[in-house]
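Welcome! Let's take a friendly walk through one protein model, part by part. Have a look at the picture before reading on.

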Amino acid sequence: MNNNNSTEPRILVTDQDFHRLSALVSQVEGPFAEALEEELSRANVIAQKEIPKTVVTMNSRVQFLDEVSGQESEMTLVYPQDAKLEEGRLSILAPVGIALLGLSVGQEINWKLPNGQSKKLKVQAVTYQPEASGNFDL
């Protein structure tokens with residue numbers, strides 16, 4: 001499930017998210033863990049207090065558009081143990097969760113799904129970001 005190509009947008013990840021997600025990847029096996037590891041390897045890691053409020057970080061609530069289907073969604077990006085799709089909590093180990101991590105408002109990404117189909121996702125808004133709200137422990 002290699003999604004790396006030269007047209008992928010630049011992504012930003014906080015130092016705390018990077019360390020927590022790296023630990024998660026080391027504990028989980030499978031294609032989703034590998035895909036997350038690839039995303040982390042290309043991320044620009046910056047201090048929590050320096051992350052722009054328009055960037056999707058862990059525990060951010062994000063509005064995004066599937067440009068292929070036209071479906072708009074709003075989800076909170078969470079760790080696997082907190083995921084509940086019916087409550088709008090999307091796991092970082094889900095393909096869409098991995099794709100959204102580190103994107104900024106207005107950025108798009110093409111992402112291959114396990115079934116071979118592709119999604120083209122565009123971040124429309126970050127309606128809540130822990131760092132922007134001063135919550136550095138989430």
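How far apart do the end C-alpha atoms of residues 52-128 lie, and what share of the span is helix and what share strand? The end C-alpha atoms lie 12 Å apart, and the span is 8% helix and 42% strand.

## About the model

This is a predicted model, in which local features need pLDDT of at least 70 and side-chain atom pairs count only at pLDDT 80 or more, while totals for chains, interfaces and linings use all residues. Residues are numbered from 1 along each chain as its sequence is written, and side-chain values use heavy atoms, leaving out hydrogens and water.

Helices (H or I, at least four residues) and strands (E, at least two) are DSSP runs, numbered from the N terminus.

## Two annotated regions

UniProt, in an unreviewed entry, lists residues 9-45 as "domain: Regulator of nucleoside diphosphate kinase N-terminal". This stretch is 68% helix and 14% strand, with its end C-alpha atoms 14 Å apart.

The unreviewed UniProt entry also places "domain: Transcription elongation factor GreA/GreB C-terminal" at residues 52-128. Such annotations may be inferred rather than shown by experiment.

## A pair of helices

Helix H1 (residues 15-27) packs against helix H2 (residues 31-42) at an angle of about 150°, and their axes are 10 Å apart. That makes H1 roughly antiparallel to H2 (the term is used for angles over 145 degrees, on a scale from 0 to 180 degrees between N-to-C directions, with axes fitted to C-alpha atoms over the stretch in contact).

Which residues of H1 and H2 meet? From H1 come Phe 18, Leu 21, Ser 22, Leu 24 and Val 25, and from H2 come Ala 33, Leu 36, Glu 37 and Leu 40; contact means heavy atoms within 4.5 Å. These contact residues divide into 7 nonpolar, 1 polar and 1 charged.

## The open sheet

Five strands form an open sheet in the order E5-E4-E3-E7-E6, with mixed pairing. Two strands pair if DSSP finds at least two bridges between them. The edge strands, E5 (89-91) and E6 (108-112), each pair on one side only. From one strand to the next, the twist averages 45°.

Strand E7 (residues 118-128) pairs with E6 in the antiparallel sense over 5 bridges. Along this pair, Lys 112 stands opposite Ser 118, and Glu 108 stands opposite Lys 122. The hairpin of E6 and E7 has 5 residues between the strands, and Gly 116 takes a positive phi near 95° there. E7 also pairs with strand E3 (residues 61-66), antiparallel over 6 bridges, and Arg 61 has Tyr 128 as its bridge partner in E7.

Terms used:
Parallel < 35°, antiparallel > 145°, perpendicular 65-115°, else oblique. Nonpolar A, V, L, I, M, F, W, Y, C, P; charged D, E, K, R; others polar.
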